[in-house]
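User: I'm new to this and would like to learn how to read ring pairs, charges over rings and disulfides. Could you walk me through them?

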Amino acid sequence: MLANQERYQKSRGKCGSALVSPARLSLWLALTMGLVACAGAEKPVLLADGGVAAEQAPAAGSSVSQDSMLGSAVQVASLQGYVPPLHAAPSSDTIQIVPPPPARKFVVDAREAMQKKQWAALDRLVPAAKPDPQLGVYAEYWSLRRTLQDPTLPVANEAIGRFLQNNAGTYLADRLKGDWVVAAVRAGDYGLPAKLGPLVNMNSAENCSLIMAQHMTGQRVKALDAIDAFQPNSACWTMLDQLAESKVLARKDLERLLQATLETNKASNAQRMAAVLFDGAGMVQYAAIMKDPRKWLEGRKAPRTNAEVELTTIALSRLAYGDKRDQNAAYVEQHWSKVLPKDNMHWVWSQFGLVAALNVDLKAADWYRRSGNTRLTDYNHAWQVRAELRQPRVDWDWVAKAIRRMSSRQAAEPVWVYWYARALEAQGNKAAATQYYQSIAAELNFYGQLASEELGITPALPPAPAPVTRAELAEARANPGLQRAIALFDLGWRPEAVPEWNFALRGMSDRQLLAAAELARAEHIYDRVVNTSLQTKQEVDFSQRFIAPFEGRVTEKARQINLDPAWVYGLIRQESRFIMDARSRVGASGLMQLMPATARWVARKIGMKDFSPASVNDFDTNTVLGTNYLRMVLNDLSGSEVLATAGYNAGPGRPVQWRSKLAAPVEGAIFAETIPFTETRLYVKNVMSNATYYSMMFTGKPQSLKQRLGTIAPAPRKKVDLP
């Protein structure tokens, strides 16, 4: 493995030498000798147990046991840039590297053939790649998977069976078994899934295929299980069609599914769902409704059949969209409010409330109140609560009622437990509110923090667990699944590496998870440090969960422009999990996830002379541009971290718009919870929670999340000159 490689770093290393690039991968794979590190760089040290430790000079005055990693006495220091050595090691600039096996090159070639759909080449490479002890199995997996995913090919049943037997308990065996289940059901072999046994990690297509197989082999299937499993993919649509035809799903079930799909405003999915409910004539009417609902409704008489009732309900609900919502609501009230069944009309008014809430329109609460006590979708009830929270005077009775109408599963989520407790407290039921606060106060998240403050608990970090021992680390390093994942990370194959790593964690104890997280830290795979440590239940290591890598350089960049380092770290943790060349689906890059146009704009503004698009993933370039842009957004948004965090994610113009529609000042927590974009809403809550924890760790003092959130006051909408 390459020594001291900061995974995902595509720019030059700290000592100036270029890290291995894809173009030179074959040369790297052929290396069979040690390399020499640059003077002063971190050096991995071969341990007596065969592990590798990252050696660094200890901070002045620190004292670390040679038999431990990251003891509690140095927990805060490590978070500010210092990572103590795993073990003492001789001082030497020479690094011993265990080169990848010669067959690794054939694995690389096989993946390229698979991606280019050069199937004959892939099949030829399978035996050549197989000797690679860690990754050789991937070439065979890709070849066999193709026979399952291409319905025109015969399934290699015997070869797949041997693969499952030879690789039992591995991630790839579980994936191939899942693909086999889907392929078998698609081909009408409904008995095979039962013979294959359970899947460890089951996706929606596999779940729907199993339900389909159970139904077709005469086993009882519950409608609720099918509804919960459904996602808009081929296997689930096939299941839904069959269960509808067999009357396992009643018409009411299908109506609710269609309504839930319409609420997502995804036209193609809604049309496909409508085709399950309506016949050909009904679909003609449905298409006319979706094109112009008002035109379809004009002159129409009261519906008589179930299909007509449902079509009319859909047409009325579509009037909530567009810029004539008030006018259309008056039309619905005048002509249709007493025509449809009560529950149907309640759902129509809930759609007016939902669309208004998603447009941060204060009228949303009034329309939601017209939906009565009808049980809506969980998604709709969530927005019913949010619409009420934005009111100048919150009707806490309505908040409590809406949460009580949620499914028990959703109502138990910390967000709704907290707001239900707030409603109970506002209603004067302090004792019950306290019980609800206490039920989530120990949770280390946004609403756990807020609940603790409501109880008057002084914020404090959990006690550091006992340090990971040499033996525990050695056990983690010897784990075959983690070894495979590390080899995949070394190649930069993140889509394969992440699920391989996650699969290896199943069934691990807290101590084993802590050791796996430390292994990830030693390998500079920082996102796995965080995500692995987050899975512990009793032993909580904040130095892992809130790792602060890069030797204080992020703090330095933040302080240079008067930004709170804790906030910047909290944002990076949410943006990229410290992956230096992370790239989002929309093209944002690097630690601080900068869009190309934004990076160019900021570089011009601050006079960065040596900027080039290729340098955006470079640590210094990315953090200088990112922190400067964050400073600009903060200045433009009244110094509010809540607004600036939202603006960094969704664009600075949007929080300006959302704030302008407030009728009175609201708590920062309410503003965050009522952000209409799901990604931005979760992002803001996570960043602000992260920042509070980082601040506690950096200062060693209690910090208030409520104080950090502050109050958001209404302000006129203004032009924003930032990209």
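Analyst: Happy to! This is a predicted model. Let's start with two rings, Phe 550 and Phe 578, which are both buried. They form a tilted aromatic pair, 6.4 Å centre to centre with 50 degrees between the planes.

User: Where in the chain do Phe 550 and Phe 578 lie?

Analyst: Phe 550 is in the loop between α31 (542–545) and α32 (553–560), while Phe 578 is in the loop between α33 (565–575) and α34 (596–606). The pair links distant parts of the chain, 28 residues apart.

User: Which residues do ring pairs link into a cluster?

Analyst: Among them are Phe 550, Phe 578, Phe 542, Phe 546 and Tyr 569. Phe 542 and Phe 546 are both buried.

User: What sits over the ring of Phe 546?

Analyst: The charged end of Arg 573 does, 4.0 Å from the ring's centre. Elsewhere, the charged end of Arg 294 sits over the ring of Tyr 331, at 3.8 Å from its centre.

User: Now the disulfide: which cysteines form it?

Analyst: Two sulfur atoms within 2.5 Å count as a disulfide. Here the sulfur atoms of Cys 208 and Cys 236 are 2.0 Å apart, so these two cysteines form one.

Conventions: Residues numbered from 1 in each chain as written. Predicted model: local features only at pLDDT ≥ 70, side-chain atom pairs only at ≥ 80, totals over all residues. Heavy atoms only, no water. Buried < 20%, exposed > 50% of the residue type's maximum accessible area, 1.4 Å probe, protein only. Phe/Tyr/Trp six-rings, centres within 6.5 Å; stacked < 30°, edge-to-face > 60°. Helix = DSSP H or I, 4+ residues; strand = E, 2+ residues; numbered from the N terminus. Lys NZ or Arg CZ within 6 Å of the ring centre and 35° of its normal.
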